[in-house]
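Let's work through a few exercises on this model together. Take a look at the sequence and the structure before starting.

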Amino acid sequence: MEHPRFNDSNNNNNHQKGLASLSSQRSLASVPSLNSHSHLLNPPTTSHTCLTTLKGQTSYISSLFLSGKFLYTGSSDREIRSWNRTNFHSEFDPQQESNTNNNIVVSGKGAVKSIVVHSDKLFSAHQDHKIRVWKITNHEPHQQKYTLLATLPTFGDRVSKILIPKNHVQIRRHKKCTWVHHVDTVSALALSKDGTFLYSVSWDRTIKIWRTKDFTCLESVYNAHDDAVNAVAVSDDGHVYTGSADKRIKVWKKREGEKKHSLVDTLEKHRSGINALALSSDGSVLYSGACDRSILVSEKDKDGNLVVVGALRGHTKSILCLAVVSDLVCSGSEDKTIRIWRGVDNEYSCLAVLEGHKGPIKSLTAVVDHSDDPSEASFLVYSGSLDCDIKAWQIFVPVL
């Protein structure tokens, strides 16, 4: 099946800049734009195509995750679903796949806010304050079945903590609970490099660390932020980055010989709540997206501290999600577009603006694709939107 390819000019940064009505907060005038001189890079032509649109969902897509040949989606109506990505390149009937009940599970209350997969386990974060663990079983090449293994915190974890007074924390004026509980929406999940630990953040302002082997809650960072925590990212060396509605990004680390994570750095350059975080492939660069319409780029200095080096500008409304693949940064916005960025020596260029969704872009994930042309690299980007659609895009980028 042939899909039309669209060439992207070098002026994508100015796309829709004339829109006067912006619901987001002002951009950061004090932070220099890393893409302001992107025309000097004169990047060769980039092209993209929309491979397919997965329709039929009755609620918006709140989370996406890639693992192997499967794309996992979470929606606002409690549904977790897997899609076989190998079908997207051929004649594909999304309705037929969506009718395969083995690929769907419904659980909890409210939206599935985040999904991560490690080995044969899927971890899902829910609006009902719970984390659920599912065992994935492959039945046929295109079908998977989910079996609920645990709901976190587990019954054993709760019982072991409830009898000891020091394990109780104040959550409201006249209410306490044990520290292993999230008491508000679990907004995001991340795994350690080896999959040993699961990190969860919540609108209850806490960070929790779980052992994936037995699902025990090992640690809770109470009042990690002054407002809801919306995003978390974990580097290979164990640094934990959290982004919050309090406009701050905090960096946490368990120092050698210590039992708990401690705060090692705080970034306060955003002017509004932070919605998304993503790390570069080598972990040296942190990208953060917020309601101020900017993507801040932060790098580690010689002392290992994060320093904001600039901003990527072009979106006309809030940044809602970010994804990094190879040397590309993908951003999704309330302005209903996806932008593809590439940086060379701290000069960034917007290579493409992907249009087609009819609602804000709520979630993104991306992966390297095979390319038959040695002069260009191919990437697959998957987007979930408040329009209830999932789109699969193919991006062709010249090899540097």
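The protein has a mean pLDDT of 87, and 86% of its residues reach 70 or more; pLDDT is the predictor's confidence in each residue, from 0 to 100. Over residues 9–23 the pLDDT is below 50, and this stretch has 27 contacts in the model beyond near neighbours in sequence, a contact being heavy atoms within 4.5 Å.

This is a predicted model, where local features need pLDDT of at least 70, side-chain atom pairs count only at pLDDT 80 or more, and totals for chains, interfaces and linings use all residues. Residues are numbered from 1 along each chain as its sequence is written, and side-chain values use heavy atoms, with hydrogens and water left out.

**Exercise 1. Find how many contacts the model has for residues 37–42 beyond four places in sequence.**

Step 1: check the confidence, which stays under 50 in pLDDT over residues 37–42. Step 2: count, and you get nine contacts beyond four places in sequence. Step 3: take care, since where pLDDT is low, the predicted coordinates should not be read in detail.

**Exercise 2. Work out whether His-315 is buried or exposed, and what its side chain pairs with.**

Step 1: Step 2: His-315 has a relative accessible area of 5%, so it is buried (buried is under 20%, exposed over 50%, partly exposed in between, with a 1.4 Å probe and protein chains only). Step 3: look for polar contacts (N or O atoms within 3.5 Å; within protein, one must be able to donate a hydrogen and the other to accept it, and residues adjacent in sequence count only if both atoms are side-chain atoms). The side chain of His-315 has one of 3.0 Å to that of Asp-335 and one of 3.5 Å to that of Thr-337. Step 4: list the touching residues, not counting those up to four places away in sequence; they include Arg-293, Ser-331, Ser-333 and Ile-338.

**Exercise 3. Look at the backbone of Pro-153, Arg-78 and Lys-247.**

Step 1: a cis peptide bond joins Leu-152 and Pro-153, with omega about 0°, and Pro-153 sits in the loop between β10 (143–152) and α2 (155–162). Step 2: Arg-78 has a phi near 80°, positive although the residue is not glycine. You'll find Arg-78 in the loop between β4 (70–75) and β5 (79–84), and at 34% relative accessible area it is partly exposed. Step 3: Lys-247 also has a positive phi, near 80°. Its loop runs between β18 (240–244) and β19 (249–253), and its relative accessibility of 40% makes it partly exposed.

**Exercise 4. Describe what lines the second largest pocket.**

Step 1: know the term: on a 1 Å grid over the protein atoms alone, a pocket is an open set of points with protein on both sides within 12 Å along at least five of seven lines, a cavity is a set where a 1.4 Å probe fits but cannot get out, and lining residues have an atom within 4 Å of a point. Step 2: the lining has 20 residues, with Val-169, Thr-206, Lys-208, Ser-220 and Tyr-222 nearest the centre.

Methods: Helices (H or I, at least four residues) and strands (E, at least two) are DSSP runs, numbered from the N terminus.
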